[in-house]
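My notes follow in the order in which I looked things up.

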Amino acid sequence: MTYESNYERFEVAGPDGNSRKVEFIRSGFLAQGDRPELFFFRVNGEETVVGISGGSLARFERGRRRLTREQKVDVAGRWLKRQMEAGLPLDSRRLYIQDHELANLANELNFIE
């Protein structure tokens, strides 16, 4: 059975109570540094990017099966939703997922076997 993403399209309300539509657009990666994977979302018409550290992803997947593209979209989408619910600015420092955040999100989404 194939996994289907739950975070390709979703709505989120911030602390102000306003609802915002979010849609996954595309993914890619940077070919430098630790080769982070990037997930681009449209938030109320504006593009926002969430990154997952390539090193953190490699450490997480060691001894486990690799996360599918859809699962990575869900990790990135869940992190984006959490940041928006908290009313935090959508900047690159807050939207970059590393070791403990990745493990927590994977556990929350039941990706840990």
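**Entry 1**

I began with Val 50, which touches Glu 37, Leu 38, Phe 39, Phe 41, Ala 76, Trp 79, Leu 80, Leu 95 and Ile 97, not counting residues up to four places away in sequence. Contact here means heavy atoms within 4.5 Å. The model is predicted, so I note that local features need pLDDT of at least 70 and side-chain atom pairs count only at pLDDT 80 or more, while totals for chains, interfaces and linings use all residues. Residues are numbered from 1 along each chain as its sequence is written, and side-chain values use heavy atoms, with hydrogens and water left out.

Next I looked up the largest nonpolar core, which has 26 residues. Such a core is a set of buried Ala, Val, Leu, Ile, Met, Phe, Trp, Tyr and Cys residues joined through side-chain atoms within 4.5 Å. Buried means under 20% relative accessible area, exposed means over 50%, and partly exposed lies in between (1.4 Å probe, protein chains only). Val 22, Phe 41, Val 50, Val 75, Leu 80 and Ile 97 touch the most other members of the core. At least two core residues come from each of strand S1 (9-13), strand S2 (19-29), strand S3 (37-43), strand S4 (46-52), H1, H2 and H3. H2 gives the largest share of this core, six residues. Helices (H or I, at least four residues) and strands (E, at least two) are DSSP runs, numbered from the N terminus. As background, I wrote down that nonpolar side chains tend to be buried together in soluble globular proteins.

**Entry 1: The sheet**

In what order do the five strands of the open sheet lie? I read the order as S1-S2-S3-S4-S5, with mixed pairing. Two strands pair if DSSP finds at least two bridges between them. S1 and strand S5 (96-97) are the edge strands, each pairing on one side only.

I then followed S3. S2 and S3 run antiparallel and are joined by seven bridges; the partner of Gly 28 is Leu 38 in S3. S3 and S4 also run antiparallel, with seven bridges between them. Two of the residue pairs I looked up there are Val 43 with Glu 46 and Arg 42 with Glu 47. Six of the seven residues of S3 are buried, so this strand is largely enclosed by the rest of the structure.

**Entry 2: Two positive phi values**

S3 and S4 form a hairpin with two residues between them. Asn 44, in the turn, has a positive phi of about 50 degrees, although Asn 44 is not a glycine. At 48% relative accessibility, Asn 44 counts as partly exposed.

Arg 35 sits in the loop between S2 and S3. Its phi is near 55 degrees, a positive value in a residue other than glycine. Arg 35 is partly exposed, with a relative accessible area of 45%.

**Entry 3: The helices**

I checked H2 against the sheet: H2 lies across S1, S2, S3, S4 and S5 and runs at about 55 degrees to S3. Axes are lines fitted to C-alpha atoms, for helices over the stretch in contact, and angles run from 0 to 180 degrees between N-to-C directions.

How do helix H2 (residues 69-85) and helix H3 (residues 99-108) pack, and at what angle? The angle is about 100 degrees, with their axes 10 Å apart. That makes H2 roughly perpendicular to H3, a label for angles of 65 to 115 degrees (under 35 is roughly parallel, over 145 roughly antiparallel, the rest oblique). Val 75, Arg 78, Trp 79 and Arg 82 in H2 meet Glu 101, Leu 102, Leu 105 and Glu 108 in H3.

For H1, I found six of its eight residues buried, so this helix is largely enclosed by the rest of the structure. The buried ones are Gly 54, Gly 55, Ser 56, Leu 57, Phe 60 and Glu 61, and they pack against S3, S4, H2 and H3.

Glu 61 lies in helix H1 (residues 54-61) and is buried, at a relative accessible area of 9%. Leaving aside neighbours within four places in sequence, Glu 61 is in contact with Arg 66, Leu 67 and Lys 72.

Leu 109 is in the segment after H3 and is buried, with a relative accessible area of 17%. Not counting residues up to four places away in sequence, Leu 109 touches Tyr 7, Asp 74, Val 75 and Arg 78. Leu 109 and Asp 74 are 35 residues apart in sequence and 8.0 Å apart in space, C-alpha to C-alpha.
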